[in-house]
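User: Hi, I'm new to this one. Could you walk me through it?
Analyst: Happy to, let's have a look together.

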Amino acid sequence: MSIQKEPLFLEALPVMQQLVDAGYEAYFVGGSVRDMLLHKPISDVDIATSATPQEVKEIFSHTVDVGIEHGTVMVIHHKEGYEVTTFRTEEGYEDFRHPDKVTFVRSLEEDLKRRDFTINALAIGIDDQLIDFFDGIGDLERQCIRCVGDAKERFNEDALRMFRAVRFVGQLGFQIEENTKNAISLLKMNLSKVAVERMKVEFEKMIQSSYRKDALKLFVETGLYQACPLFDGKGEILLKLAEFPIKEMSVLQAWILFVDELKLSDKEVTHLLKSWKSSNEQIRDVLVGYKTYRARKEEEWNFFLAYDCSYEVASEVEQLLIAQNKSTSIKGLEATYQSLPIRSMNDIQLNGHDIIRILKLEKKGPIIGQVLKTVEKMILEQSIENDAEILEAYVLTHFGSGK
Ligand code: ATP
Ligand code: MG
């Protein structure tokens with residue numbers, strides 16, 4: 001096992017080397033070390049150092065203060081940004097979420113002690129020396145998620161860690177160690193004190209994970225779900241999401257299935273997603289996906305369904321139907337979208353100005369909208385061609401003076 005074999009580590013090595021040359025300690029830490037040891041692709045590297053943020057800024061010519069109060073400075077090297085964080089400890093979690101005080105320290109061990117799980121508390125130096133104070137390697141081999149130190153204490157410091165444990169089950173297929181799991185069942189309700197934005201990150205990672213089934217079952221079994229926005233009493237539905245016969249599930253698919261099981265109204269869907277701090281874009285996609293999913297269970301693809309729903313959302317809906325043997329392939333959907341005569345009103349070969357001219361209107365009025373709605377519908381039902389001359393003739397005869 002060598003950091004030399006990982007392109008992302010190799011690229012960051014000169015940054016580490018400069019810190020070491022200046023007399024400080026520097027290590028790769030956290031998720032990237034864990035994933036390298038598991039032979040999984042690594043996404044981003046975190047560097048921890050004994051240098052204070054000020055000292056880091058003195059060593060490198062180009063840095064950005066991204067979270068200096070937490071000790072993180074972004075070092076720009078060859079146009080890439082690397083997050084360099086000073087070794088630190090955290091104290092006084094009065095409200096189950098925020099450390100009252102972050103203290104910079106010179107000891108790597110102190111820094112690793114405040115991390116959540118043993119498998120996330122590993123560090124590796126520039127000469128490949130692996131630092132493992134809490135038997136994280138043993139837990140990787142045993143496929144075990146275990147808190148660093150006392151689980152109850154650690155979850156009392158930051159309740160999100162309970163959700164992270166369950167999310168890592170989903171991503172790694174590991175088991176949660178007994179004491180750690182019992183502490184989750186005991187302290188689950190503290191999760192409700194955590195910012196919803198942080199829960200959302202974990203929920204979405206869990207939904208998309210390879211071992212979604214195991215993670216969701218634990219999410220329900222430990223009762224953790226009860227502390228999430230509007231999930232109380234929805235355990236059965238979350239278990240259905242666990243068992244849904246699709247290998248990888250997207251967040252959009254999960255929400256569509258969830259709200260469909262509950263038969264929520266659009267207003268209720270919006271309320272649910274707002275309570276999860278979803279973006280307006282996500283809410284819009286879920287609403288249209290939900291509507292399309294319900295319709296598609298009753299009818300084949302047609303221009304009206306396709307016109308209201310983007311291709312991306314439609315194909316996620318179709319995958320849900322395929323998974324339930326309610327559709328055999330994506331082909332019907334593709335064919336419909338390919339021959340769709342218009343994708344929006346902008347594609348109609350007639351605009352507001354044309355209508356004013358054709359009907360000799362003196363000013364804009366509601367008639368313009370009525371005409372456009374009428375021809376839009378006719379084009380979609382293929383009773384008229386989307387051709388400027390044909391549309392003009394139609395508008396003149398059906399909406400012209402005296403009509
Ligand atoms: P991912 O693959 O999802 O990025 P990760 O383990 O890298 O997983 P991050 O959220 O990127 O997770 O955090 C980086 C590291 O910071 C973790 O590996 C862990 O050591 C530490 N960490 C993150 N969140 C917490 C937390 N809530 N409590 C304690 N340590 C944490
Ligand atoms: Mg990470």
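User: How many Å separate the centres of domain 1 and domain 4?
Analyst: The centres of domain 1 and domain 4, taken over C-alpha atoms, are separated by 63 Å. The domain bounds come from an automatic or database domain assignment. This is a predicted model, where local features need pLDDT of at least 70 and side-chain atom pairs count only at pLDDT 80 or more, while totals for chains, interfaces and linings use all residues. Residues are numbered from 1 along each chain as its sequence is written, chains are lettered from A and ligands numbered from 1 in the order in which they are written, and side-chain values use heavy atoms, with hydrogens and water left out.

User: Got it. And how is the chain divided?
Analyst: Into domain 1 (1-135), domain 2 (143-243), domain 3 (245-340) and domain 4 (352-399).

User: Switching to ligand 1: why does it lie between two domains?
Analyst: Domain 1 and domain 2 both give residues to the shell around ligand 1, so the ligand lies between them.

User: Which residues come nearest to ligand 1?
Analyst: Of the 15 residues around it (a heavy atom within 4 Å), Arg34, Asn120, Arg161, Arg167 and Lys205 come nearest.

User: What classes are in that shell?
Analyst: There are 11 charged, three polar and one nonpolar. Asp, Glu, Lys and Arg count as charged; Ala, Val, Leu, Ile, Met, Phe, Trp, Tyr, Cys and Pro as nonpolar; the others, Gly among them, as polar.

User: Which helix gives the most to the shell?
Analyst: H7, with four residues. Helices here are DSSP runs (H or I, at least four residues), numbered from the N terminus. Helix H2 (31-37), helix H7 (160-172) and helix H9 (196-208) each supply at least two shell residues.
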